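The reader may wish to keep the model in view throughout.

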Amino acid sequence: MKAREVFLAILTDLARSIQAAALYPETHQRVKEPLARLHRMVRNEAKRLGGSLRVGFLEDRIVVDQFPFNASSLGIGRLAARMAARGIEKVVLGEAVTLPEMKRFVYFVAGAGDTDGSCPWKQISFGRIRGDDPPEFPVTGAGEVPPAPQVLAGATDVLKDVLHSIAVKGPLGNVEEGRDIVAAVMKGLREEEFLIDRMIRLQARDDYTVAHSLNVCVMVVAQAARLDLSEAAIRDIGLAALLHDIGKELVPAEILNKPGKLDSGEFAKISLHPVLGATHLRKISLGSDLPVIVCYEHHIRHDRSGYPTPRFPDVPHPASLMTQIADVYDALRTYRPYRTSLDRETAIGILREGRGTEFDPALLDRFLEMIS
Ligand SMILES: [Fe+2]
Ligand SMILES: [Fe+2]
């Protein structure tokens, strides 16, 4: 492999490890695999380059040794942004770097580890590039760099695989990872005051259904957490919200991503996603009926209009109504191929117009109070 290809592989595995570290413990395969490769490649390259590998993180570029990589590609932009959030402009990795030290650095950048400032860095130094760019710069550990709050930054990548795997493999799909994401959402909401707002602003960069599912999950968990419910109930509701649009995985992508208005045939196909998703989820043992219910009902409005036509008098379930509110709010706030995103006040105004018809009034009031 040429140096440039190896450097790209290093950046890709660095980005992957950091994303996974935001969600998973170090024993998880999603962390272990890229981290082991990263460690091996870094050691080899540092040795080849005379003892250390230097990486610069600039606003729109990452430079490894002498090679620039454009931040607009391959998750590299996200890596650059994450480093910037940590105040890291430059990292120097020594050839004797150990796997535990590499792991500690990855968890530190992910904002997920026990970043014990007293433990010195031996083979990794990092910090800002100063005026005349000294060859080495002092690193005093975690204390110097502002904490990165992006607890869910790796979640969309994981969720993309989770949704796809559940939709394609059915009962063999990885529901456990979905639960991990809900746990991370609950943790994120406890730790980050403005999580909802931040999630919504993140989403334009990602696959729409994936980012949307995660946002809706965050907003539904936040609503559920304000009700007098047990942790287990909130977790179930969160998983249901996370999977509410799983049926879209079964709708052709050309229709889902079509710019411009849908014709009636296309709309009919998209409108099937609640039924397709619920039918699919029914085959999977999820430990609760809620994902099937929410998936089926999330486009049924409070006044029972919408789709599919409800067959029972006692629907929609409150979890479906909470999901429906978050669903509409997120859709309004997001850029779509057929319209731009709306600002918060406009989106809130539209939700208010549906109070008592489209949306359950008590749940809507609580939601608006939460996001205002
Ligand atoms: Fe939907
Ligand atoms: Fe949705």
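In this predicted model, strand E1, residues 52–57, and strand E4, residues 90–94, run antiparallel and are joined by 5 bridges. At this pairing, serine 52 faces glycine 94 of E4. E1 also pairs with strand E2, residues 61–64, again in the antiparallel sense, here over 3 bridges. Glycine 56 is set opposite valine 63 in E2. E2 in turn pairs with E3 through 4 bridges, also antiparallel, and isoleucine 62 has phenylalanine 69 of E3 as its bridge partner.

These pairings belong to an open sheet of 5 strands, arranged in the order E3-E2-E1-E4-E5 with antiparallel pairing. Which strands stand at the edges? They are E3, spanning 67–70, and E5, spanning 124–127; each has a single partner strand, so one side of each remains without a neighbour in the sheet. From one strand to the next, the twist averages 15°. As to the side chains of such an arrangement, those of a regular strand alternate between the two faces of the sheet.

Helix H2, residues 29–48, lies across E1 and E4 and runs at about 110° to E1. H2 is also among the elements that cover the buried residues of helix H1. Helix H1 itself comprises residues 3–21, which makes 19 residues, and reaches 26 Å from its first C-alpha to its last, close to the 27 Å expected at 1.5 Å a residue. Its buried residues include Phe7, Ile10, Leu11, Leu14, Ile18 and Ala21, and also Asp13, Arg16 and Gln19. In an α-helix there are 3.6 residues a turn, so residues three or four places apart point the same way. What covers the buried residues of H1? Besides H2, the cover includes strands E2 and E3, helix H3 (76–85), helix H4 (99–110) and helix H5.

Helix H5, residues 155–169, leads on to another packing arrangement, with helix H8, residues 208–225: their axes are 9 Å apart and form an angle of about 110°. The two helices are therefore roughly perpendicular to each other. On the H5 side, Ala155, Thr156, Leu159, Lys160 and Leu163 take part, meeting Val210, Ala211, Ser213 and Leu214 of H8.

Is leucine 281 buried or exposed? A residue counts as buried when 20 or more other C-beta atoms lie within 10 Å of its own; leucine 281 has 27 within that distance and is therefore buried. Apart from residues up to four places away in sequence, leucine 281 touches Leu243, Ile246, Leu286, Pro291, Val292 and Cys295. Of these contacts, valine 292 is 11 residues away along the chain, and its C-alpha atom is separated from that of leucine 281 by 5.8 Å.

The chain as a whole may be considered last. It contains 16 helices and 5 strands. Of its 372 residues, 43% count as buried. Among contacts between residues at least 6 apart in sequence, 68% join residues at least 24 apart.

Note on methods
Residues numbered from 1 in each chain as written. Chains lettered and ligands numbered in written order. Predicted model: local features only at pLDDT ≥ 70, side-chain atom pairs only at ≥ 80, totals over all residues. Axes fitted to C-alpha atoms, helices over the stretch in contact; angles between N-to-C directions. Parallel < 35°, antiparallel > 145°, perpendicular 65-115°, else oblique. Contact = placed C-beta atoms within 7 Å. Pairing = 2+ DSSP bridges. Expected span 1.5 Å × (residues − 1). Buried ≥ 20, exposed ≤ 12 C-beta atoms within 10 Å, placed from the backbone.
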